[in-house]
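Hi everyone, thanks for having me.

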Amino acid sequence: MALRSLLYVSDARVKVPDEEWRVTEIVDVSRVRNMKLDVTGALMFAYSHFAQVLEGEPGALDELMESISRDPRHTNVRVLEVEQISMRRFANWTMAYAGPATLVESRLGPLVRSPSASPNPFAAHDLIELLRSMAALER
């Protein structure tokens, strides 16, 4: 079984605090859907942006990205990295979640504001490691 990891960022259309419940809805639906597709990962929401790492078989990731790209709760979905992985980094999480925080925004901001289609690869890996750290805190 070939495993892939995919990292994307997007611009949120969720108005905080009035619509913050919509992010909870995303997490709840994602956990159920990801379990059915054998996908693991983590979602980060930083007021005006989302970042998500998804791990699974290529077909499952393609199916999720089609749905994600049509979701009206965000726009400007940009895949920053797709890579083959030998083991999951979020094996225990159908969807770990990290919400708005100053630390999160400082790490996510440079990636979403980059005019380049290929941002600094170290910034993408840094974001993945931050998501892993936050997933460990949620245990």
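This is a predicted model: local features need pLDDT of at least 70, side-chain atom pairs count only at pLDDT 80 or more; totals for chains, interfaces and linings use all residues.

**The sheet and what packs around it**

Strands here are DSSP runs of E with at least two residues, helices are runs of H or I with at least four residues, and both are numbered from the N terminus. Two strands pair if DSSP finds at least two bridges between them.

Residues are numbered from 1 along each chain as its sequence is written, and side-chain values use heavy atoms, with hydrogens and water left out.

Zooming out for a second, the protein has 4 helices and 5 strands. Read from the N terminus, the elements go β-α-β-β-α-β-β-α-α. Of the 139 residues, 45% are buried; buried means under 20% relative accessible area, exposed means over 50%, and partly exposed is in between, using a 1.4 Å probe and protein chains only.

Now to strand 3. How many of its residues are buried? The count is 8 of 8, so strand 3 is mostly covered. As a general point, side chains in a regular strand alternate between the two faces of the sheet.

What about the partners of strand 3? Strand 1 pairs with strand 3 in the antiparallel sense over 8 bridges, and strand 2 also runs antiparallel to strand 3, joined by 6 bridges. If you're new to this, strands of a sheet pair through backbone hydrogen bonds, either parallel or antiparallel. Let's pick out some pairs: M44 stands opposite A51, S5 has E55 as its bridge partner, and T40 stands opposite E55. The hairpin of strand 2 and strand 3 has 3 residues between the strands, and Y47 there takes a positive phi near 60 degrees.

Which residues touch the most other members of the largest nonpolar core? They are L7, V9, M44, F90, L108, L127 and L131, out of 22 residues. A nonpolar core is a set of buried Ala, Val, Leu, Ile, Met, Phe, Trp, Tyr and Cys residues joined through side-chain atoms within 4.5 Å. Helix 4 gives the largest share of this core, 7 residues. Take L131: leaving aside neighbours within four places in sequence, L131 is in contact (heavy atoms within 4.5 Å) with A42, L43, M44, V53 and F90. There is also a second, separate core of 18 residues, including Y8, F45, F50 and M65.

Last topic, salt bridges. A salt bridge is a side-chain nitrogen of Lys or Arg within 4 Å of a carboxyl oxygen of Asp or Glu, and the whole structure has 8 of them. One of these joins E55 and R89, at 3.8 Å from N to O. That pair links distant parts of the chain, with E55 in strand 3 and R89 in the loop between strand 4 and strand 5, 34 residues apart. Is E55 buried or exposed? At 0% relative accessibility, E55 counts as buried, whereas R89 is partly exposed at 21%.

Another salt bridge joins D38 and R88, with the closest N and O atoms 3.3 Å apart. D38 lies in the loop between helix 1 and strand 2, and R88 in the loop between strand 4 and strand 5, so the pair ties together parts that are 50 residues apart in sequence.
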